[in-house]
Amino acid sequence: MHDSTTQRPHPTPERPEPTWSTPPDGQPSSASGESPVPHPPQTGHHGHGRHALLDTEPGIPAPVLAAAAGIRKAMVVPVATALAIGTIFVTVYLAAFHAPTAHHQPLGIAASDQVAGHVEVALNDASADAYTFHRYPDADAARQAITHDRIPAALVAQGNNMTLLAAGAQGPSVVSALQAAATHATGHPVPVEDVVPLVAGDTRGLSVFYASFGVVLAGFLFSVASYQTAPRLPLAARMASMTAFAAASGVMVALIGHQAMAALPASFTTVAAVVGLLAMATAAAAGVLLRLFGPVGMPVASVVLLIFGNATSGGILPPAYLPSWLSPLSQIMPPAAAVRALRGAGYFHSAHLTSSFLVLAGWTLGCLAIQYALDLRATRRTVTAL
């Protein structure tokens, strides 16, 4: 005998809408081919739904999704990071270029002791410690010093008048500032004779700066992409990739800047070699910072290389016009070495070329040595743990 009591079914809990997936070949995933197979929505840690990322960004790997930050951190960290980098950028560049003044700027004088002394006193009275004076016996000696980048300009006595011999390749801003100072010191307008003019393809003298800035940016992005794509890539493989990138960068800039636009007057080979070394040094430096600091290494590298490196390169104004707390960096940073090498090779009988190569090679080898040491220590720790 059957129990006449009717059993009520348990209420079925609401389920979220299933998501539907289709295999890469576009065919239905069921054997019958009638309809695709439903999959339950994926949820992240503590039940927070992160499947929206799967809907909008289908290429994100599962480990990246699993490591995604919480909402608060994801909102605050980008704001703080970008604001800090922007503040540093604005502070450094405005401090360097909002009102540049000379600090121990080399200046030659070819005149009698009496005239030279009068000019030196007048210039020092106008701006103390602005210039470091170098005396020459005649105009030819001063011209020789200018063409070899030992001084940017020289005041030369010609009868009762003074003429400013200057290297236009130092940039129009430098020449105009020196002409104004000389006019103030002598009390009458001083004509300028450009003994090292800029090439026709670089009328403002900024091509060297922009070429080096672009390569530094590319080197930074190369390292970021390299470590994001393969963070555990063996150093030998990473060095091979870095070398290919550096060689391609050198050839690319030489083809554009030297061959196509005639903006970089150094030889094709020299431009390619200097730019290649700059790309290698920048990529190695950014790589070691990423290796040392992890995710924080990206903003650190951008501050060190893109902000301080390019601001102190001397591509916009010579290092003598930088504030005292920035000018020492112009002697050791890779962008400054590349700018000196390209400008010296193009205009000043290859002045500074050897020393610049040494600086760039030192950065490259030093950073790679640090990465090798870090990898070796990590390997030994792994072996010890096993």
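Let me start with β5 and β6. Strand β5 (residues 153-158) and strand β6 (residues 161-166) pair in the antiparallel sense over six bridges. Strands here are DSSP runs of E with at least two residues, helices are runs of H or I with at least four, and both are numbered from the N terminus. Two strands count as paired if DSSP finds at least two bridges between them. Gln 158 stands opposite Asn 161 in β6. The two strands form a hairpin with two residues between them, and Gly 159 in the turn has a positive phi of about 70°.

Before going on, the ground rules. This is a predicted model, in which local features need pLDDT of at least 70 and side-chain atom pairs count only at pLDDT 80 or more, while totals for chains, interfaces and linings use all residues. Residues are numbered from 1 along each chain as its sequence is written, and side-chain values use heavy atoms, with hydrogens and water left out.

Now the rest of the sheet. Five strands make an open sheet with mixed pairing, in the order β4-β3-β5-β6-β7. β4 (131-135) and β7 (192-194) are at the edges with a single partner strand each, so one side of each has no neighbour in the sheet. Ignoring direction, neighbouring strands are turned by 25° against each other on average. Strand β3 (residues 105-110) pairs with β5 in the parallel sense over three bridges, and Ala 110 has Val 156 of β5 as its bridge partner.

Which strands does helix α5 touch? Helix α5 (residues 139-147) packs on the sheet and touches β3, β5, β6 and β7, and its direction makes about 165° with that of β5. Contact means heavy atoms within 4.5 Å. Angles run from 0 to 180 degrees between N-to-C directions, and axes are lines fitted to C-alpha atoms, for helices over the stretch in contact. Helix α6 (residues 172-186) lies across β3, β4, β5, β6 and β7, at about 165° to β6.

Next, the helix pairs. The axes of α7 (residues 207-229) and α9 (residues 268-293) come within 8 Å and cross at roughly 40°. α7 and α9 are therefore oblique to each other; angles under 35 degrees count as roughly parallel, over 145 as roughly antiparallel, 65 to 115 as roughly perpendicular, and the rest as oblique. The residues in contact include Gly 219 and Phe 220 of α7 and Ala 283 and Gly 287 of α9. By class, this contact has 12 nonpolar, five polar and one charged residues. Ala, Val, Leu, Ile, Met, Phe, Trp, Tyr, Cys and Pro count as nonpolar, Asp, Glu, Lys and Arg as charged, and the others, Gly among them, as polar.

α9 also packs with α10 (residues 297-311), at an angle of about 145° and with the axes 8 Å apart. Among the residues making that contact are Leu 289 and Phe 293 of α9, and Met 298 and Val 304 of α10. The classes are 10 nonpolar, two polar and no charged residues.

Last, confidence. The chain averages a pLDDT of 86, and 82% of the residues score at least 70; pLDDT is the predictor's confidence in each residue, from 0 to 100. It stays under 50 over residues 1-7, where the model has zero contacts beyond four places in sequence. Residues 15-55 also stay under 50, with 40 such contacts beyond four places in sequence. Where pLDDT is low, the predicted coordinates should not be read in detail.
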